[in-house]
There are 4 protein chains.
Amino acid sequence: MLKKEENKTISFLIQCEDKKGIMQKCVNFFTDRDFNILHCQQHTDSYENMYFMRMEVDMSDLKTSRKVLENEFDNFAKQNELQWSCHYSDYCPRVAILVSKTSHNLYDLIARKNQGQLHCEIPLIISNHPNLEKIANSFRIPFYYLPVTKETKKEQEKKVNNLLKQFDIDLVVLARYMQILSSEFIEEWMGKIINIHHAFLPAFQGANPYQKAYERGVKMIGATSHYATADLDQGPIIEQEVMRVGHELTPKGLKEVGKDAETRALAKAVQAHLDSRILIYKNRTVVFNTKN
Amino acid sequence: MLKKEENKTISFLIQCEDKKGIMQKCVNFFTDRDFNILHCQQHTDSYENMYFMRMEVDMSDLKTSRKVLENEFDNFAKQNELQWSCHYSDYCPRVAILVSKTSHNLYDLIARKNQGQLHCEIPLIISNHPNLEKIANSFRIPFYYLPVTKETKKEQEKKVNNLLKQFDIDLVVLARYMQILSSEFIEEWMGKIINIHHAFLPAFQGANPYQKAYERGVKMIGATSHYATADLDQGPIIEQEVMRVGHELTPKGLKEVGKDAETRALAKAVQAHLDSRILIYKNRTVVFNTKN
Amino acid sequence: MLKKEENKTISFLIQCEDKKGIMQKCVNFFTDRDFNILHCQQHTDSYENMYFMRMEVDMSDLKTSRKVLENEFDNFAKQNELQWSCHYSDYCPRVAILVSKTSHNLYDLIARKNQGQLHCEIPLIISNHPNLEKIANSFRIPFYYLPVTKETKKEQEKKVNNLLKQFDIDLVVLARYMQILSSEFIEEWMGKIINIHHAFLPAFQGANPYQKAYERGVKMIGATSHYATADLDQGPIIEQEVMRVGHELTPKGLKEVGKDAETRALAKAVQAHLDSRILIYKNRTVVFNTKN
Amino acid sequence: MLKKEENKTISFLIQCEDKKGIMQKCVNFFTDRDFNILHCQQHTDSYENMYFMRMEVDMSDLKTSRKVLENEFDNFAKQNELQWSCHYSDYCPRVAILVSKTSHNLYDLIARKNQGQLHCEIPLIISNHPNLEKIANSFRIPFYYLPVTKETKKEQEKKVNNLLKQFDIDLVVLARYMQILSSEFIEEWMGKIINIHHAFLPAFQGANPYQKAYERGVKMIGATSHYATADLDQGPIIEQEVMRVGHELTPKGLKEVGKDAETRALAKAVQAHLDSRILIYKNRTVVFNTKN
């Protein structure tokens, strides 16, 4: 299992009903092919009787084409009723950021990408408002301003979808994009849209969470990053952050303080997704720890 | 303002509509009577246009009887439309703890009281179940077992109320007392009942919050201490605690982990109440920091 | 891997130099003997080139005596240069608590044990002061008062050691025991003494950490639980807790606030040790997450 | 005390030995001049016998010139042996950022400034390395590259100092500037240089704190923002942040995770300074809460 920092790796994300011997079978699949296993993380949900595994192997041990490996694993998976995906560390995922008028998540994601904390490309930013174009420009990222009205909603969403496809996007990040997406759109991108909600879900769903938080007099505020599903603010939670707040803050003050929770919750979720550390089941996620 | 550690103090809690000069008037009330002001904490809620003050003065400067001081302050308060209360540090408040079957909050409160962290007496424990009697016995605190059924609910509550009066109780702590109190009872003890809810309110109101938290797949669980009001789990929040949880935990595991959040949230709320650091307005609280 | 809640389990803690194939070999050892693997947790420290594993298997699959299993594993371990230990869930470890005058950790540990959060027996409490005897009595735990002076230090420690052996103690918890133990004593109990230091180590080593914290003007205070080693406050850290503090607190106030950090840091460390979730290497620990 | 959001304000920071009546005198100074007191925050350090006050008044009540007000307050201060400073909300402080090669704090500070979270100008960035010039350029902030060697250290520092004066700088932020400043420089800018140290001070002072943290096996890492003094890493602490870390992280991983603690600790310190919420005494700070 000698890890060489510079090594390229392949990560398999596997889930199935829990059953005796499944771990050994998965391990043997890779050791039979003489793969060095760099990391193996597992979780058994005894409540749901589900088994989850993340297996990271040394890509330099790959003796066949990627396609052959995937076909072989697919056969193995079918025999054992596994759901799976695999991810190559030398592929750089392509991320689209959708925004409206608020910029803190946008700044934060771009800065992290530029510093190498997020392993991805950001080939475009899309917005229903023109406000943040100058930020996109300063980072030299193409900015697509696609305004939307009640009448043009369907049409605008189609344009968004076309752009995502045209740019070969792997992950869509809703960085305070204040538009509700259609269930068709979400269905098409299922498991590939990460949203940030500016509250500690399931508290304060919907609009104006900081106003509601003020009125309820909570002593902590939070933010929740989750995969988008057809039910608004109901998708599988990836990451949550909270911050202690006192009586000193008005709704406006809560909003300011909450920004830090929002940037961290979203950045950590995007990073976990890009590192292939997340498995989704039912309305829940398994998020394995980073290893480095 | 020279504070002498050993000094007895008087604390005034004051609230009113915010208006120019109100602070000076309050300060002058005490300095005119030659009181040394040990601590003066204030809050202006600019959103609600409310002013709050906690003034702690040196009791040894008291030249009159307590009754005279209170009468004088009451006149002053009426002129300036203040709501107020005052608290003497040499009075030891009497606290009743109500429990059902769960013991972690009970253990914690008694241990803190015994160690001098909570400045109070605990003359009795009341429960609708017999389970925790042996804990009460080990600490030599009288335990009243008052079982309750649908039919006897009203009658049992009356017995509880009688005990509270008989023992001159100042504060009722619902330390996981799993009975809903009548609105009459709560009305009578308004501002004097602190409850612990085993979730991060307003998320997961009502029963089985840890089960709901598991199903929603949250990444943090919490606990909320609040004053009881007629609306279940809707009263003014005093303190909240959260703990980060991962996918490893089943509902049972969440429940175990959550106990620490519950003990801290309840203990801090009880302590703040006993220190006379809490003001209630609308459905919110101002909780001033401890000073020592 | 079907987990039955009621099942008894055997946990193996394994560490070795990292090498290719080691995981598969360990897995095969258990699956060859038809053990159902309930949980398998691993860690590769790529910096130190070390491999760590915690393997929890179903005890009902044990076909041989425990001794035979241990012998077989020992042979396997020798061949592969593994360090290991194994732990049976139906054995209830015996814990001695050593205290001086401070009671918050003692209360907390006993309460957790009584509530089933800590899976252990506490057959005795030892102290160099008589102050906490009444707490021991209220919980009906034998209390041994062994005063110590400079002259009697060696002799007193011998008495302590004899008591620990007489009571078949598995784990010694220094719950604010304010005596420095000799290196001989610590050597003899290496890996079996957990201490709580009332600061965020390595800051504020030695005496009076809260006074030092006040003087340094820190904005957070902490507590550190660690295995005792011959170097005071230098042993492998198991758990740390911090609490945000403001300028309001004097050294005395910091001390009060810090108690909660101390109780949590110590309780979590003791629980992890009793759950056989800790591996020690160099001056570090691997602490695997709880699973339930 | 009616606060109008749009109002300009004047903030006085006051400290003195604690004495009876001092609060009333300060309040009267402002009410005698018919100032509406918007916020009054106080702290009594009973351990050091010191009194601290932050008084925020409505600038529209100012009937004289600023100079006259300051002269009058200065007379008052001399009579009462107060140390004081005052700050006008309509003045926008000028901040210089000094960096070396690490960019996360730089990105974060500029983003917060651009979004209005930090009320300041950033007229220049100075660095002893050319690496971050392109970031400065993308935000159109002048970048001064002043390389330094052992031989040119004194001369380079002089150039830095000249630039700071030429640009009328009010606050110098060392955003991971990896050069030790001379005691003359620090003396000249005393109370006006904020540094970020990438560890939880006083733990891991000096170089390579994450390496040291790894070796010590800590379970939390942190960051500390403080005013620079002649003793390296010994200045008055303003803000600290910690993050829980597990055994999974190598020194490199700790460094990555620590960045978030560094950005938050520095940003909060700079914000508190710009809001005139910090008082320094001995080697400690009083940091009053934000109000909005």
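Two strands pair if DSSP finds at least two bridges between them, and the strands themselves (E, at least two residues) and the helices (H or I, at least four) are DSSP runs, numbered from the N terminus. In chain A, β12 and β13 form a hairpin with 2 residues between them. One of the turn residues, K282(A), has a positive phi of about 45 degrees. The two strands, residues 278-281 and 284-287, run antiparallel and are joined by 4 bridges.

A quick word on what you are looking at. This is a predicted model, where local features need pLDDT of at least 70 and side-chain atom pairs count only at pLDDT 80 or more, while totals for chains, interfaces and linings use all residues. Residues are numbered from 1 along each chain as its sequence is written, and chains are lettered from A and ligands numbered from 1 in the order in which they are written.

Now let's zoom out to the whole of chain A. It holds 8 helices and 13 strands. The C-alpha trace spans about 60 × 40 × 35 Å along its principal axes. For 292 residues, a compact globule would have a radius of gyration near 19 Å, and chain A has 21 Å, which agrees; the radius is taken over C-alpha atoms, and the rule is 2.2 Å times the number of residues to the power 0.38. Buried residues make up 46% of the chain, where buried means 20 or more other C-beta atoms within 10 Å of a residue's own, exposed means 12 or fewer, partly exposed lies in between, and C-beta atoms are placed from the backbone. Contacts, for us, are residue pairs whose C-beta atoms, placed from the backbone, lie within 7 Å. Of the contacts in chain A with a separation of 6 or more, 67% are between residues 24 or more positions apart.

On to the sheet. What is the strand order in the open sheet of 7 strands in chain A? It reads β7-β6-β5-β8-β9-β10-β11, with mixed pairing. At the edges sit β7 (143-145) and β11 (237-244) of chain A, each pairing on one side only. Ignoring direction, neighbouring strands are turned by 15 degrees against each other on average; axes here are lines fitted to C-alpha atoms, for helices over the stretch in contact, and angles run from 0 to 180 degrees between N-to-C directions.

Look next at β10 of chain A, residues 220-227: 7 bridges join this strand to β11(A), and the two run antiparallel. There, T224(A) stands opposite Q240(A). Helix α3(A), residues 104-114, touches β5, β6, β8 and β9 of chain A, and its direction makes about 160 degrees with that of β5(A). Helix α8(A), residues 251-274, touches β8, β9, β10 and β11 of chain A, at about 150 degrees to β11(A).

One more helix while we are in chain A. At 1.5 Å a residue, the 15 residues of α2(A), 66-80, should span 21 Å, and the end C-alpha atoms are 21 Å apart, which agrees; the expected span is 1.5 Å times one less than the number of residues.

Is S225(D) buried or exposed? With 29 other C-beta atoms within 10 Å, S225(D) is buried. It sits in strand β10 of chain D. Beyond its sequence neighbours within four places, its contacts include I194(D), I238(D) and A269(D). A265(D) is 40 residues away along the chain, yet the two C-alpha atoms are separated by 5.8 Å.

Superposing by least squares on C-alpha atoms of residues with pLDDT of at least 70 in both copies, chain A can be laid on chain B with an RMSD of 0.0 Å by a turn of 180 degrees and a shift of 0.0 Å along the axis. The two copies are thus related as by a two-fold rotation axis. Which residue of chain A comes closest to that axis? That is A203(A), with its C-alpha at 2.2 Å. And 100% of the interface residues of chain A are also interface residues in chain B, so the copies meet through the same surface.

How values were computed. Contact = placed C-beta atoms within 7 Å.
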